[in-house]
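Hi,

Here is the structure I said I'd pass on. Have a look at it first, and then read my notes on the pockets below.

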Amino acid sequence: MPEKRTYGQACPIAHSLDLVGERWALLVVRELRLGPRRYGDLQAALPGIGPSVLSQRLRDLEAVGILRKRGKEYGLTEWGAELDPVFRALAHWGVRSPVVPLEGAVGTDSMFLGLRTFFGSRDPQWTGSYEFRLDRDVYRVEVREGELVSLWRGRSGEPAAVVVETDDATMGELFGGALTLAGAVESERAAVAGDVSDAQRLLDASPLSAVR
């Protein structure tokens, strides 16, 4: 096996790139920001990565303490989770690219992470809980007094005020604004328990809405 490449500099930025600068490494970390995933889940979320590359990136990230494996799941360590502000900064920077358009598929984790990154509300009266049940995953969002206070992948023991059931493709259209939730319900592409307009309000605070 070839020796891992390094910049060989004591600069903290160069050292950080030694740790997460290999192709796909940051995207593997991105897919763990909302909670642990199994190997197969990571493969499904990153269809462009080959199995051997994914396995190597997981080994590398585990070796340097960014993630750990527990049973069949991979999750970020406390130190690995500290990369979150880096992702938020990259998202804000990348979405303002003057020459390179946003194109390609967007995974469901990325949709909801984008919601967290770009979320903005000026209404202190807005409080709500939302659950989105998609093809493979469930996402829970909590808004309190106009602030998005929590977002995670997985079910909660507490019932949500609004529950949306749909598929990944429809969720992408809802986040992108190509389809309203009321339209998805009418066309039987989504089912909603709770206030449809309340859930639409959350979708209107989506990252793609911010880009538009």
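This is a predicted model: local features need pLDDT of at least 70, side-chain atom pairs count only at pLDDT 80 or more; totals for chains, interfaces and linings use all residues.

Residues are numbered from 1 along each chain as its sequence is written, and side-chain values use heavy atoms, with hydrogens and water left out.

The largest pocket comes out at about 1,400 Å³. A pocket here is an open set of points on a 1 Å grid over the protein atoms alone, where a 1.4 Å probe fits, with protein on both sides within 12 Å along at least five of seven lines; lining residues have an atom within 4 Å of a point. Volume is the space filled by probe spheres set on the points, which are joined across faces, edges and corners.

Its lining runs to 41 residues, with Leu 27, Arg 30, Ala 105, Val 106 and Ser 110 nearest the centre. Helix α7 gives the most, eight residues (helices are DSSP runs of H or I, at least four residues, numbered from the N terminus). By class, that lining has 22 nonpolar, eight polar and eleven charged residues (Ala, Val, Leu, Ile, Met, Phe, Trp, Tyr, Cys and Pro are nonpolar; Asp, Glu, Lys and Arg charged; the others, Gly among them, polar).

The second largest pocket has about 290 Å³. α1 is its main contributor, with five residues, and Trp 79 and Glu 82 are among those lining it. Nine of its lining residues are nonpolar, two polar and one charged.

Cheers

Note on methods: Helices (H or I, at least four residues) and strands (E, at least two) are DSSP runs, numbered from the N terminus.
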